[in-house]
Amino acid sequence: MVEGKSDRVYYASDFANYFKPFFRNGIFASQGDGLMVLSLDDNMFISLMDGRSIIEGHGYQNDNKDGVKKMRIANSDIAQDRIDIVVNRLNKVDRMITTIVVKGELSDAPVPPEIVRNDDYYDLKLAEVYVRSGVDKIQQADITDFRGDEDACGWVTGLIDSINSTAFFKQYQVAYNAFVKETYDKAEDLFDLIRNLLDKDQASYLAMQIAELKAYPKVEPYVLKADQWQETADGLIYTIMDSRYTYLGSYWELIAEPDMDKNEQKLLTNARITSIDDKQDGKLIIHAVGVKPTDDIHISIKIER
């Protein structure tokens, strides 16, 4: 109240309560760089990339129009490590959303601070920053991205709740396997039907063709090696050579496994793959615009003919 009158006709909570059913809490993946946290200039500063979030119906935007938003990480300890966290925090008391660094406790086996979610505050954890003893700079390898973690943060995909891609993939895989089995069973039945109409050589040739057909599609493990990513002026590229692939005669797909190691998921997310150039026989080129992976990433490839 200001001189006996309310300073607002409509309250932020009025608008927030209207928008809350439409948007889950999280980061808008399609806006800017999605509030990615990066190391900066080989010192104790980190940077927050542009993007938007929504928390309990309240919107936040970092457009970096006045320059990159820098946040300082407190100096390291001489003997012990700690883990700081970077959070996008809704502060209902001060009626604002800010991005801040929450300092962790020193320890020989440090753990990150807990995020705060109560009647006055609500945190989205964007990243963890491992501050090793005796260091004077934060490297990208020290930063762990948590935007894709549904419990800590999560993505906003639109006017729907977030999609559980793991469950979706498993459901798709079950249906796909059933379809493939049914198709091959029908092929075997057809072969049995016409086998007696063919001579021995023709039957053997047909059997060979069916065997080759049954060998595809192939889903095989593959490793994206950390040292094979190349940095260019336009971003990152990774080249895969496979003589089985032909531009006009086959199909190739990159598959992130549902049970992929969490650290590898973050590396793959941070790489931000934008496209795969598949216009050349025997060669596929992955294009990415994010952070170069610092470790190998285990995925699968599917090849169809």
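Visitor: Let's start with S47: is S47 buried or exposed?

Guide: S47 is buried, with a relative accessible area of 4%. Buried means under 20% relative accessible area, exposed means over 50%, and partly exposed is in between, using a 1.4 Å probe and protein chains only. Before we go on, this is a predicted model, where local features need pLDDT of at least 70 and side-chain atom pairs count only at pLDDT 80 or more, while totals for chains, interfaces and linings use all residues. Residues are numbered from 1 along each chain as its sequence is written, and side-chain values use heavy atoms, with hydrogens and water left out.

Visitor: Okay, and where does S47 lie?

Guide: S47 is in strand β3, residues 45-48. Helices (H or I, at least four residues) and strands (E, at least two) are DSSP runs, numbered from the N terminus.

Visitor: Which residues is S47 in contact with, leaving aside its neighbours within four places in sequence?

Guide: Contact means heavy atoms within 4.5 Å. For S47 the list is M36, V37, L38, S39, L40, V68 and K69.

Visitor: Now salt bridges. How many does the structure hold?

Guide: Here's the general idea: side chains of opposite charge can pair when their charged atoms come close. A salt bridge is a side-chain nitrogen of Lys or Arg within 4 Å of a carboxyl oxygen of Asp or Glu. The structure holds nine of them. One of these joins R24 and E150, with the closest N and O atoms 3.3 Å apart. That pair links distant parts of the chain, 126 residues apart: R24 is in the loop between α1 (12-19) and β1 (26-28), and E150 in the loop between β10 and β11 (155-156).

Visitor: Are R24 and E150 buried or partly exposed?

Guide: R24 is buried, at 16% relative accessible area, whereas E150 counts as partly exposed, at 38%.

Visitor: What about the pair R147 and D145: how far apart are the closest N and O atoms?

Guide: They are 2.7 Å apart in that salt bridge. R147 counts as buried at 2% relative accessibility, and D145 counts as buried at 8%.

Visitor: Last one, helix α4. Which of its residues are buried?

Guide: Helix α4 covers residues 262-271, and its buried residues are E264, K266, L267, L268, N270 and A271. Those buried residues pack against β10 (143-145), β16 (273-280), β17 (283-288) and β18 (297-304). After α4 comes R272, whose phi is positive, near 55°.
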